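Q: Got a model open here and want to go through it. Can you take my questions as they come?

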Amino acid sequence: MPELPEVEVVRRDLERDVIGRRIKAVEVDAMRSVRRHHNRKQFISRLEGKKITAVDRRGKYILCRLDADDVLIIHLGMSGQLLRTKSSRESRAKHTHVIITFQQGGQLRFIDPRTFGEMFVTELDSLAKVSELSHLGIDALDAPMSWEQFGALVSQKHAKLKPLLMDQKFLAGIGNIYSDEILWGAGLRWDRMSDSLTAQEVRRLYRSLVETLQEAVKHRGSSLADEQYVDLFGKPGDYQHHHKVYAREGETCRRCRQEIVRERVGSRSTFYCPACQV
Ligand SMILES: [Zn+2]
């Protein structure tokens, strides 16, 4: 599933590539991908003829501003991909559900095998009414704060660190991969209680949060063998080669040379170093 860094890479690609382009035609093959609209026509008519003027992000939601004061909101869900093609003749990948053709040529395609992702158009003024957007937690790539402010928020909670990092209402866009990587970077165990951290540990946690996400964006996100993430041009990311713990069970810790372990909690695996994460 794409997490915050992968969505930010796609947003930056879109910002460079689609701003100023006018939408000529839209095709929708599966109602599920535009499920917030009454019908396909309603979705299509709000896009055709409009120009994309800006590409923003809120958590894992990509917001394409249109010149009619509407916003096209895109959520990749579990397996969604946005793919830019130079020509409309390029063959369509399986599970291509929405195709946006630009007047200047080329297409933006939405491919989503598991269909948890979606696209919808709303008025700019009504964004506050989209409940998923109004309940998002801190965006560590977008909204800088001091580590003291972050520490105050962490210590108010009484929760294990990994589930707290993955709580979307606390922090936006962190999933199973980056929570493990952030905690390794901070030298903290996944099950430490949030209100037990010293000031120094809070500082390490905040620094690791910001640095891990920024590094991941720099390396264009993580693409795993069994997952779908690629960038706007179909290229996989490179950050998986820089993971310190995720999916490295039995391998050597890059900090202390102990063996990385995997612990199953519920349906989820957690990877950490039992020696240098305390
Ligand atoms: Zn270690």
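Q: What share of the contacts in the chain with a separation of 6 or more comes from residues 24 or more positions apart?
A: That share is 62%, with contact meaning heavy atoms within 4.5 Å. This is a predicted model, where local features need pLDDT of at least 70, side-chain atom pairs count only at pLDDT 80 or more, and totals for chains, interfaces and linings use all residues. Residues are numbered from 1 along each chain as its sequence is written, and side-chain values use heavy atoms, leaving out hydrogens and water.

Q: Which residues coordinate the zinc ion?
A: Cys253, Cys256, Cys273 and Cys276, each through SG, at 2.2 to 2.4 Å. Donors are N, O and S atoms within 2.8 Å of the metal (3.2 Å for Na, K and Ca); water is not among the atoms, so sites may look incomplete.

Q: What spacing do the donors follow along the chain?
A: The zinc donors follow C-x2-C-x16-C-x2-C.

Q: And Cys253 and Cys273, buried or exposed?
A: Cys253 counts as buried because its relative accessibility is 1%, and Cys273 is buried at 0%. Buried means under 20% relative accessible area, exposed over 50%, partly exposed in between (1.4 Å probe, protein chains only).

Q: Switching topic, how much of the chain is buried?
A: Buried residues are 52% of the 278.

Q: What does the C-alpha trace span?
A: About 55 × 35 × 30 Å along the principal axes of the chain.
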